[in-house]
2 protein chains.
Amino acid sequence: MNDLPFLLPEYVERLHRTKESMEAAGVEVLLLTDPANLYYLSGYDAWSFYVHQMLVVILEEEQPIWIGREQDANGARLTTWIHRDNIIPYPDDYVQSLQKHPMDFIADCLTQIGQADRRIGVEMDSYYFTAQAYERLKKGMPDARFQDCTLLVNRVRMVKSDQEIAYMLKAARIAEGAMQMALESIAPGVRECDVAANIFHAQVSGTPHFGGDYPAIVPLLPAGEKTSTPHLTWTDRTYKQGDTVLVELAGCYRRYHSPLARTAVIGAPSSLVRDLAEVVIEGLNTTLDAVKPGMTCEEVEWVWRSSIAKNGWLKESRMGYSVGLNYPPDWGEHTASFRPGDQTILQPNMTFHMIPGMWFDAYGVELSETFRVTENGCEVLADFPREVFQCPVDSGVYHPLGGSGA
Amino acid sequence: MNDLPFLLPEYVERLHRTKESMEAAGVEVLLLTDPANLYYLSGYDAWSFYVHQMLVVILEEEQPIWIGREQDANGARLTTWIHRDNIIPYPDDYVQSLQKHPMDFIADCLTQIGQADRRIGVEMDSYYFTAQAYERLKKGMPDARFQDCTLLVNRVRMVKSDQEIAYMLKAARIAEGAMQMALESIAPGVRECDVAANIFHAQVSGTPHFGGDYPAIVPLLPAGEKTSTPHLTWTDRTYKQGDTVLVELAGCYRRYHSPLARTAVIGAPSSLVRDLAEVVIEGLNTTLDAVKPGMTCEEVEWVWRSSIAKNGWLKESRMGYSVGLNYPPDWGEHTASFRPGDQTILQPNMTFHMIPGMWFDAYGVELSETFRVTENGCEVLADFPREVFQCPVDSGVYHPLGGSGA
C-alpha cells in the first residue's frame with residue numbers, strides 16, 4: 001500500500017459525498033481536471049498538471065479512473081489508492097502536439113467503456129480545463145450531455161476532517177517559521193531576492209519534525225511603491241530605510257496551506273502607515289472575535305466593513321476566502337469569499353484566510369490570519385504577533401544563508 | 001519610465017511581428033491569456049494569473065490593452081510600457097464569483113470600443129483560458145468570429161533576441177549553482193525536503209551579481225523507486241545508501257529559464273544504472289554534436305534514437321522541447337518537440353531543453369542540457385560536468401543551511 005496522506009475510509013467517504021453531489025446536480029459521470037480535486041479523491045500528487053490529465057468519477061463505479069501521460073502513470077501507481085487497472089496512460093505523442101489532443105484519447109476511453117452518451121459534469125472554469133479541452137470532448141462524445149460542475153468537489157472539500165485540520169496546523173507551524181525568517185532577513189542593503197530565498201528555504205525545509213511542501217503561490221513581498229499592489233514578486237533591488245514591505249506567504253504540508261501576511265517597515269513607519277495599520281488590526285481583531293458558525297460570509301465582511309467605516313475607511317475588494325488544499329497558481333479554494341452577496345453559511349471546520357489588505361496609490365498595509373470555524377467561534381491557526389513590525393535600520397552585516405552560483 | 005527588462009524598441013518589434021502573424025492567420029483582434037505572452041508583449045509581471053486577465057492586441061492600435069483585476073492595475077502600471085489609458089481594471093466582485101465572470105466585463109469592453117464583431121483570435125489551449133472563459137466571450141460577443149490562435153505568440157517568441165539569450169545565460173549560471181547545491185546536499189540521512197530547500201534558496205538568491213526569479217516548475221528530485229517516473233515532488237523521507245536521485249531544476253532570470261538535469265547515486269551505482277547512464281550520456285553528446293540550423297526537430301530526435309538503438313534501447317517519449325520564457329506550471333514553450341513528426345526547422349537563437357530521460361519500472365536516469373542554436377551548431381548554456389554523480393555515503397554531519405519553525 002502506498003504512503004497515503006489519509007486513511008482509505010476517508011477517501012471512500014469523500015467519493016461517497018462527491019457522488020451525492022453528482023446525483024443532486026443530475027450528472028452520472030464527473031470529469032475532474034483541478035489537480036486539487038484529483039489529489040482529494042485519489043491521492044494523486046505530482047507536478048504533472050502542465051499536461052492534460054483527468055480523474056473520472058462514474059456514479060456506479062467503486063473507484064475513480066485516472067487518465068494521464070504515460071510517464072506519469074507510475075506516479076499514479078505510487079501515490080493513489082486506486083487499482084492499477086484504473087490507471088490509464090496516454091502515449092507521449094499526445095503531449096503538446098498540434099496533431100493529437102489528450103482529450104481525444106480520453107473521449108475514446110469513455111466511449112469504449114460506455115460512458116459517452118451520459119450526463120457528464122465538467123469543471124468549466126478550472127485552470128487546467130482549457131477551452132480546447134472542452135471542444136475536443138464535445139467533438140469526441142457527440143451524444144454526451146455536458147453540464148457545468150465547476151466547484152462541485154471544491155464544495156465537498158469545504159468542511160475539513162480532523163486529519164485535514166491537523167495538516168493545516170502543521171502548515172501554520174511552517175508559516176510561523178517562514179514569517180519569522182522573513183522579518184529577521186529584511187534590512188537596509190539586503191536584496192529582496194535573498195529574503196525570498198530565505199522564506200523559500202524555511203517553507204520547504206519545514207520544521208525538524210516534518211518537512212514542508214511547495215505552497216501554491218510564491219512568497220509575495222512588495223516593497224516601497226510596489227506596496228500599492230499585492231501581487232508583484234521580488235527583484236534583486238536592495239531594501240532601503242523607510243521601505244514598507246508587505247509579506248504574504250503560506251506554510252504548506254501535504255498540499256494543505258496556512259497563509260499568513262504581515263507588514264514590516266524598515267525604520268519608523270510613516271504616520272500614514274501607522275494610522276492605516278491601527279485600523280486594519282482593529283478591524284481584523286474585531287472580525288475574528290465575531291466569527292461563529294451560522295453566520296454568512298457577507299455577515300463576516302459586514303463586521304469588518306463597520307469597524308473600518310468608524311475610521312472613515314472603505315475597502316472594495318473581498319477581505320478573505322476559503323482556503324486549504326490546492327496547487328499552483330492559487331491556494332484559495334474558490335468556494336466562498338468574505339464580501340457582500342456571499343451567502344455561504346459558516347460551519348465548524350470550514351477554513352478561511354482572512355486578509356484585509358488595503359492598497360493605495362503609494363502605500364499599503366496587509367495583515368492576515370488563517371482560521372478554522374469552531375463549534376462556537378474560530379481558532380486562528382498560526383501563533384504570530386498581530387502587529388506591524390519595525391525592522392532595525394542598523395542590523396549590521398546581513399549573512400546570506402546559502403551558497404549561490406558563479 | 002518603469003524598469004523594463006527590454007528596451008522599448010524590442011517591445012515594438014515584438015508587437016509588429018505578432019501583428020504580422022495575426023494578418024497571416026486572418027484575425028484582427030488577438031485576446032491573450034498566457035501570462036508569458038502578456039509579459040512578452042507588455043512587460044506585465046505579477047503572480048495574478050490565478051484570476052482571469054487579458055492582453056488585447058488590435059491590428060490598428062499602437063499599444064495593447066491590459067484588462068485585469070482592480071488591485072492588480074497598479075502592478076500593470078509599474079511593470080508595463082503601455083499607456084495608463086490602456087490599463088483597464090475590473091471590479092473585485094468579478095473575482096471567483098458565481099454571479100459575475102471577468103470575461104463578461106471584457107466582452108463589454110470590447111463591445112464598447114467597437115471590436116466585438118471582428119475576427120478574434122483566442123488561445124484555446126492556454127492553461128488560463130478556461131472552457132468557461134470562452135463560453136462567456138461567445139455569449140457576450142455573439143457577432144464575433146472566433147478563431148484558435150493557440151501558440152501564435154509562442155511562435156513569435158521562438159527565435160530569441162540577444163537580450164533574451166543574455167537572460168538565459170544568467171539563468172544558466174543560477175542553474176549551475178542550484179545543481180551544485182543539490183549534489184552537495186544529497187547524502188544518507190538527509191531529508192529530501194532539506195535538499196529541495198537548499199535548491200530553492202540557490203535558485204531564488206541567484207548569484208552575488210544578480211538575483212534569481214522563481215522557476216515555473218519546482219525542483220523535481222525523485223529518489224529510489226520514485227525514479228520510475230519524473231514528476232513526483234519531495235517528501236520528508238531521508239535518503240538512503242544506494243538511492244538513485246534524479247535532479248531536474250532550472251535557473252530563472254526575469255522569467256527566462258535554463259533547465260538542467262543530472263542523476264546522482266548515493267554510494268556506488270548499480271550496473272543497471274551505470275549501463276543506462278553510459279547510453280544516455282553518449283546519446284546526449286552525439287545529439288548535441290549533431291545539432292545545427294536547418295535540421296528539423298524530428299531529425300534531431302533521430303540522431304538520439306539511432307545512438308541508443310545501437311545499444312538496444314528505445315525511448316517512446318519526446319527527448320526535448322523549446323524553452324525560455326514562462327510562468328507556472330511549465331517552463332516549456334509548447335512550440336516544438338524533439339520527436340518523430342515534428343517538422344520545426346532549427347534556426348539560430350532558438351533555444352531548447354534536451355532531456356533524454358529514461359524511466360523504467362524500478363529505476364531511471366536523466367541528464368539534460370539547455371542550448372541555443374548557433375550559426376553552425378549549438379551552444380550549451382550551462383557549464384556542468386555531464387556525468388552521473390556519486391554522492392559519498394559517509395559525508396559526515398549534514399549542516400542544514402537555514403532556520404525553520406518550531
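**Note on the predicted model: a helix pair, chain A overall, and some backbone details**

1. Helices α9(A) and α10(A) cross with a right-handed sense. The contact draws on Val279(A), Val280(A), Glu282(A), Gly283(A), Leu284(A), Thr286(A), Thr287(A) and Ala290(A) from α9(A). From α10(A) come Val300(A), Val303(A), Trp304(A), Ser307(A) and Ile308(A). By type, the contact residues of this pair are eight nonpolar, four polar and one charged. This is a predicted model, and the points below should be read with that in mind.

2. Two packed helices are described by the angle between their axes and the distance between the axes. For α9 (residues 271-290) and α10 (residues 297-309) of chain A, the angle is about 145° and the axes are 9 Å apart.

3. Chain A as a whole contains ten helices and 16 strands. Along the principal axes, its C-alpha atoms fill a box of roughly 70 × 55 × 40 Å. The radius of gyration of chain A is 23 Å; a compact globule of 406 residues would be near 22 Å, so the two agree.

4. Of the 406 residues in chain A, 66% are buried. The chain exposes about 13800 Å², and carbon and sulfur atoms supply 49% of that area. If one takes the contacts in chain A between residues at least 6 apart in sequence, 69% of them join residues at least 24 apart.

5. Where is the cis peptide bond in chain A? It runs from Pro328(A) to Pro329(A), with omega near 15°. Pro329(A) sits in the loop between β9 (320-323) and β10 (332-337) of chain A.

6. Chain B also needs a look at this point. Pro328(B) and Pro329(B) are joined by a cis peptide bond with omega of about 10°. Pro329(B) belongs to the loop between β9 (320-323) and β10 (332-337) of chain B.

7. Arg254(A) is not a glycine, yet its phi is positive, at about 45°. This residue lies in the loop between β7 (244-253) and β8 (256-266) of chain A. Is Arg254(A) buried or partly exposed? Its relative accessible area is 26%, so Arg254(A) is partly exposed.

8. Leu151(B), a residue other than glycine, has a positive phi near 75°. Its place is the loop between β6 (145-148) and α6 (152-156) of chain B. Leu151(B) counts as buried because its relative accessibility is 9%, and buried means under 20%.

Notes:
Residues are numbered from 1 along each chain as its sequence is written. Chains are lettered from A and ligands numbered from 1 in the order in which they are written. This is a predicted model: local features need pLDDT of at least 70, side-chain atom pairs count only at pLDDT 80 or more; totals for chains, interfaces and linings use all residues. Side-chain values use heavy atoms; hydrogens and water are left out. Axes are lines fitted to C-alpha atoms, for helices over the stretch in contact, and angles run from 0 to 180 degrees between N-to-C directions. Helices (H or I, at least four residues) and strands (E, at least two) are DSSP runs, numbered from the N terminus. A crossing is left-handed if the near helix is turned anticlockwise from the far one by less than a right angle, and right-handed if clockwise. Contact means heavy atoms within 4.5 Å. Ala, Val, Leu, Ile, Met, Phe, Trp, Tyr, Cys and Pro count as nonpolar, Asp, Glu, Lys and Arg as charged, and the others, Gly among them, as polar. The radius of gyration is taken over C-alpha atoms; the globule rule is 2.2 Å times the number of residues to the power 0.38. Buried means under 20% relative accessible area, exposed over 50%, partly exposed in between (1.4 Å probe, protein chains only). Accessible areas come from the Shrake-Rupley method with a 1.4 Å probe; for residues, only the protein chains shown count as cover.
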